[in-house]
Amino acid sequence: MAEYLSVEHYLPHRAPMVLLDEVLLIDEDRAHCRVRVGRDTVLGPFLNAGGQLPAWFGIEILAQTIGVWSGWHGRRLFNAAPRPGMLLGGRGYQCKTAGFPAGAVLDVQVQLLMRDEKIGSFEGAIFVDGERYAGGRLNIYQPDDHELQQLLQQGKS
């Protein structure tokens with residue numbers, strides 16, 4: 001079994017915005033990460049009064065798993081630091097309930113469907129106890145340095 005660095009090594013995010021606990025698998029077309037829903041975990045600040053994680057957080061958890069996939073490939077192929085990516089949209093995201101249950105371990109898996117230099121499409125799923133709990137298709141965009149600078153400048157205006 002391959003050994004991976006911590007999630008933070010593959011994402012441009014820092015706490016408290018890292019929403020994953022560990023990397024389990026990355027290969028050419030897939031990534032598998034895990035996170036536990038609990039007050040004492042990275043998800044703690046985002047839980048509702050009942051200790052559940054609102055369902056819409058699943059979209060960001062899937063997006064970060066895609067980011068881990070991208071960051072791992074960037075380090076492996078180009079020895080490059082993780083780069084920001086942008087979620088262009090999602091299709092068909094659904095969650096079984098309004099929130100992920102307190103104490104649940106979320107197994108997050110993404111599968112690359114297609115990509116070019118900047119745009120990619122992934123099918124993602126979040127499993128709880130081996131059962132598909134949430135998922136959908138996410139489309140992402142990774143700007144080059146020039147585009148990123150333009151976006152950052154626009155944000156300052």
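A pocket, on a 1 Å grid over the protein atoms alone, is an open set of points where a 1.4 Å probe fits, with protein on both sides within 12 Å along at least five of seven lines; a cavity is a set from which the probe cannot get out, and lining residues have an atom within 4 Å of a point. Grid points are joined across faces, edges and corners, and a volume is the space filled by probe spheres set on the points.

The model in the viewer is predicted: local features need pLDDT of at least 70, side-chain atom pairs count only at pLDDT 80 or more, and totals for chains, interfaces and linings use all residues. Residues are numbered from 1 along each chain as its sequence is written, and side-chain values use heavy atoms, with hydrogens and water left out.

**Stop 1: the largest pocket**

Begin by selecting S70, G71, R83, I140 and Q142, which lie nearest the centre of the largest pocket among its 32 lining residues. The volume of this pocket is about 680 Å³. Two or more lining residues come from each of α1, β4 (86-95) and β7 (119-128); helices (H or I, at least four residues) and strands (E, at least two) are DSSP runs numbered from the N terminus. Helix α1 gives the largest share of the lining, 12 residues. By residue class, the lining holds 16 nonpolar, 10 polar and 6 charged residues. In this division Ala, Val, Leu, Ile, Met, Phe, Trp, Tyr, Cys and Pro count as nonpolar, Asp, Glu, Lys and Arg as charged, and the others, Gly among them, as polar.

**Stop 2: helix α1**

Next, select residues 57-78, the 22 residues of α1. From the first C-alpha to the last, α1 reaches 31 Å, close to the 32 Å expected at 1.5 Å a residue; the expected span is 1.5 Å times one less than the number of residues. Just after α1, select N79, where phi is positive at about 55 degrees.

**Stop 3: the segment before β1**

Move to P16, in the segment before β1. The peptide bond joining A15 and P16 is cis, with omega about 10 degrees. Most residues other than glycine have a negative phi, and most peptide bonds are trans. H13 also lies in the segment before β1. With 25% relative accessibility, H13 counts as partly exposed; buried means under 20% relative accessible area, exposed over 50%, and partly exposed in between (1.4 Å probe, protein chains only). A distance drawn between the C-alpha atoms of H13 and A63 reads 12 Å, although these residues are 50 apart along the chain.

**Stop 4: strands β1 and β2**

Select residues 22-26 (β1) and 30-36 (β2), which pair in the antiparallel sense over 4 bridges; two strands pair if DSSP finds at least two bridges between them. E22 stands opposite R34 in β2, and a hairpin of 3 residues joins β1 to β2. I26 lies in β1 and counts as buried at 4% relative accessibility.

**Stop 5**

Continue to β7, which runs antiparallel to β6 with 9 bridges; L106 stands opposite V128 in β7. The hairpin of β6 and β7 has 3 residues between the strands.

From β7, proceed to β8: these two strands pair in the antiparallel sense over 10 bridges, and S121 stands opposite N139 in β8. Select D129, in the loop between β7 and β8 (131-141). D129 is not a glycine, yet phi is positive at about 55 degrees. The hairpin of β7 and β8 has 2 residues between the strands. At 77% relative accessibility, D129 counts as exposed.

Now select β4, which is joined to β8 by 7 bridges in an antiparallel arrangement. C95 stands opposite A134 in β8.

**Stop 6: the cysteines**

Finally, display the sulfur atoms of C33 and C95. A disulfide is a pair of cysteine sulfur atoms within 2.5 Å, and the count by this rule is 0. The closest cysteine sulfur to that of C33 is in C95, 18 Å away, too far for a bond. C33 is buried, with a relative accessible area of 0%.
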